[in-house]
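Here are my notes on the model you sent over. Have the structure open while you read.

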Number of protein chains: 2
Amino acid sequence: MKSETLVMKQHNFSAGPAILPQIVLEQASQAVIDYNGIGLSILEMSHRSPEFVAVMQEARDLVKLHLGAGDDYEVLFLTGGASSQFFMAAMNLLDENGKACYVDTGAWSAKAIKEAALFGEIDVLASSKDQNYNYIPKGLNIPSDATYLHITTNNTIYGTQYHNLPETNVPIIADMSSDIFSRPIDINRYGMIYAGAQKNLGPAGTTLVIIRKDMLNKVSRTIPTMLDYNTHIKKDSMFNTPPSYPVYVCLLTLRWLKEMGGMDAMKTHNETKAQLLYNEIDRNPLFKGTVALEDRSLMNVPFVTVDPAHQDAFMAVCKDKRISGVKGHRSVGGFRASIYNAMPMSSVEFLVEAMQEFERAQ
Amino acid sequence: MKSETLVMKQHNFSAGPAILPQIVLEQASQAVIDYNGIGLSILEMSHRSPEFVAVMQEARDLVKLHLGAGDDYEVLFLTGGASSQFFMAAMNLLDENGKACYVDTGAWSAKAIKEAALFGEIDVLASSKDQNYNYIPKGLNIPSDATYLHITTNNTIYGTQYHNLPETNVPIIADMSSDIFSRPIDINRYGMIYAGAQKNLGPAGTTLVIIRKDMLNKVSRTIPTMLDYNTHIKKDSMFNTPPSYPVYVCLLTLRWLKEMGGMDAMKTHNETKAQLLYNEIDRNPLFKGTVALEDRSLMNVPFVTVDPAHQDAFMAVCKDKRISGVKGHRSVGGFRASIYNAMPMSSVEFLVEAMQEFERAQ
């Protein structure tokens, strides 16, 4: 028996890089030694080899499958994180005489707004900053001549999530870094979707971009080759050497999603886990949630202790029980349990039991 | 015995992504299952965890150690490949009224020139394009008021390499993607060095940037946050989620380099391997080299068959013997053996024996 099999896994509630399915980790580990029995590690395999070209193609196809996207959409595995898409989206899609609308629902939205403002007029339609971003603004007045409306569908730090899209005919650009592939979506509402891989899709190191072709070629500015979406589209996301291992691990996760039953099954799985945890937060007199009920995220569940003096004690319980990654972001405090697709029900149950045990011990 | 141990490794002469040391692959595989016995995969570990912060810090420190760089240099692990540094170097370092000098030694140099021209005056001092880039231009007339001189120290496609730097007091910016850490360098000659990891350092997915601080803050243009070197320097290369696994594998390689004896030992190792292969190319009447003798690369060794009719036959021999990645780039033809740091002497000997056997069989 090899040593790693003796290690007790932590219950990993990290906000990102985050938990991946155990079967994905096992396949990903094996491929580092030898890829499919060919006598090469995936790490040392040419990206122009037939084997890797097939990896990239299957990954792009599965993204389309899970999103229900047709041939009018292109799928790219880029790098630079969602943080790079903050400026690339505007640089590629917003003409300097154009106007784009943004909703400010947290730190990442605010950064997207700041970077986009370098390239055109930005209209911030609403912000929940006044309430420390603990709700999603609604009833937006969206001008029909906007090039796009940008939203952050799930706000990792604050634990809010859009459960209904704003009503508009303007194409939506969505930062889905922390809830992509967690539920079915109506792809036709989106002009572009982007997501850093390291929350719900794979390891850090690749950024997924899905773009509807009619969004492109409407700006006149000069764009460096590597920053131009067209560059990567023309070369099937292989213009230069792609981040091959991160893309491969994303492929393994995309296959796992299919085997698990796809987006409908993920929605049920995620709702069931979130409901269990929110029910305990609402029932247990020692804890309380921090987010408007109707905007609670199914991915990131922030909560605090009613008595601030309990905070350190419950943190110690978590550490003792190998429940990791539950410390809340400094801008919210308390706790945050990130329960992405790969989080098993058993770990959520384990956390809930720890909360109940903590209650009995007081 | 697990199945992977039964796989006969290929002799991997790929130009990149390229061979990595076997011990690195074993450690890299293990960390995907469990990182240092902590009960988490490195793929699902927060980049803000003490464990990963230590990975990044050690990797940056070892880069400085191997290059002999002091505190006046900063080390960043970015993304986007050397292709992104083509424009980022000029965007960050070349003012719109400034002038930069470039030497055109191949396809990658030419791309660097094209992207830099978006940001200032570019003076192409020399080009070897007229001879299909089979030599390194010398005797450059470098204007002393240039902001920098850009060179590609090793030209992967054509198999040429600078064995002496141009004589100048102008700071050199070097694309060292395919020969970084292959030999000692005089770091003080360089204002900046960059390298995609996937040839001599690690897997695809991270780009190493080493920059001398006095090169910075001399341009007035507005730069998106993620494209500004200062952004990443201020946050110790962790402004946003870094490509954590590619960085970790680079760390493993940097440790291996140290254990192997560092840059002096690598120089001897690489010279010995290259000499063996070039000697055979020059001795064997069936083969010939394609590059000016004094500019031959120690990393990428292109050669052709004297009789074009022998080409397919020798390619078949290679395939039969599991010698992989030796097909020459389409712009040179023939064969190219990439013999980076991690390439063992035994595989070079194996290739040479195959060439001798091929000679005897004709």
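**Sheet, helix and chain contact**

1. In chain A, strand β3 (residues 99-104) runs parallel to β4(A), and six bridges join the two. Strands here are DSSP E runs of at least two residues, helices are H or I runs of at least four, and both are numbered from the N terminus. Two strands pair if DSSP finds at least two bridges between them. Across this pair, Lys99(A) stands opposite Glu121(A) in β4(A).

2. A word on provenance: this is a predicted model, where local features need pLDDT of at least 70 and side-chain atom pairs count only at pLDDT 80 or more, while totals for chains, interfaces and linings use all residues. Residues are numbered from 1 along each chain as its sequence is written, with chains lettered from A and ligands numbered from 1 in the order in which they are written.

3. Zooming out, the chain A sheet is open, with seven strands in the order β2-β10-β9-β8-β5-β3-β4 and mixed pairing. Because β2 (73-78) and β4 (121-127) of chain A each have a single partner strand, they stand at the edges, and one side of each has no neighbour in the sheet.

4. Helix α2 (residues 50-67) of chain A lies across β2 and β10 (207-212) of chain A, at about 125 degrees to β2(A). Angles run from 0 to 180 degrees between N-to-C directions, using axes fitted to C-alpha atoms, for helices over the stretch in contact.

5. As for the chains, 55 residues from chain B and 55 residues from chain A make the contact, counted when C-beta atoms, placed from the backbone, lie within 7 Å. On the side of chain B that touches chain A, α1(B) gives the most, with six residues.

Conventions: Two residues are in contact if their C-beta atoms, placed from the backbone, lie within 7 Å.
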